Amino acid sequence: MASLNVGNLGEYLREQRRTAQLTLRQLADAAGVSNPYLSQIERGLRKPSAEILQQLAKALRISAETLYVQAGILDQRDREEAEVRSVILADPSITERQKQVLLQIYESFRKENALTAPEQTGPSGAGGAGGTSGTGRTDDAQSDPQSNP
């Protein structure tokens, strides 16, 4: 096979389709792709784009990131971050603007924690002296009773 993980992706898609009790035609229709194209993907003959993988994931009701990992598009260690983003983006109860704000806040917390990570691995392990706690505030702010709500 010419591309990385395409065969494994096809096998995985076939397994997910069968688990969902869908025929090839039903999944193709639900994902908006042709029956022959989906068949070629399942047999490892075609490498679908990220957009097609997303459509297939939606039709199968599975995480698109799972398919991205199977296809070699996304690294396994990035999966959790991508899943958080997917859940936020898929939530119908919040507006598009609210989704973007949540994603920006999430990214800022990830960056902050990446910068403070070496400080948090003291003798007591993660969450040691300094850095931030699970509340997102610095430990110094928490020790000042007037700064706590």
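Colleague: Which side chains does Glu96 meet in a salt bridge?
Modeller: Glu96 pairs with Lys99, at 3.3 Å from N to O. A salt bridge here is a side-chain nitrogen of Lys or Arg within 4 Å of a carboxyl oxygen of Asp or Glu. Keep in mind that this is a predicted model: local features need pLDDT of at least 70, side-chain atom pairs count only at pLDDT 80 or more, and totals for chains, interfaces and linings use all residues. Residues are numbered from 1 along each chain as its sequence is written, and side-chain values use heavy atoms, without hydrogens and water.

Colleague: How are Glu96 and Lys99 placed in helix 7?
Modeller: They are 3 residues apart, so about one helical turn separates them. Helices are DSSP runs (H or I, at least four residues), numbered from the N terminus.

Colleague: Is Lys99 buried or exposed?
Modeller: Lys99 is buried, at 6% relative accessible area. Glu96 is exposed, at 53%. Buried means under 20% relative accessible area, exposed over 50%, and partly exposed in between (1.4 Å probe, protein chains only).

Colleague: How many salt bridges does the structure hold?
Modeller: There are 4. One of them joins Glu42 and Arg17 at 2.6 Å, N to O. Glu42 sits in helix 3 and Arg17 in helix 1, 25 residues apart. Both Glu42 and Arg17 are buried. Arg14 is linked with Arg17 and Glu42 in a network of salt bridges.

Colleague: And what does Arg85 form a salt bridge with?
Modeller: With Glu107; their closest N and O atoms are 2.4 Å apart. Arg85 is in helix 6 (residues 79-90) and Glu107 in helix 7 (residues 96-116), so the pair ties together parts 22 residues apart in sequence. Arg85 is partly exposed at 24%, and so is Glu107 at 23%.

Colleague: New topic. Which residues touch the most other members of the largest nonpolar core?
Modeller: Leu13, Leu56 and Leu67, out of 22 residues. Such a core is a set of buried Ala, Val, Leu, Ile, Met, Phe, Trp, Tyr and Cys residues joined through side-chain atoms within 4.5 Å. The largest share, 6 residues, comes from helix 4.

Colleague: What is Leu67 in contact with?
Modeller: Setting aside neighbours within four places in sequence, its contacts (heavy atoms within 4.5 Å) include Leu9, Tyr12 and Leu53.

Colleague: Last one. Where is Gln21 found?
Modeller: Gln21 is in the loop between helix 1 (6-19) and helix 2 (24-31). Its phi is near 55°, a positive value in a residue other than glycine. Gln21 is exposed, at 73%.

Methods: Helices (H or I, at least four residues) and strands (E, at least two) are DSSP runs, numbered from the N terminus.
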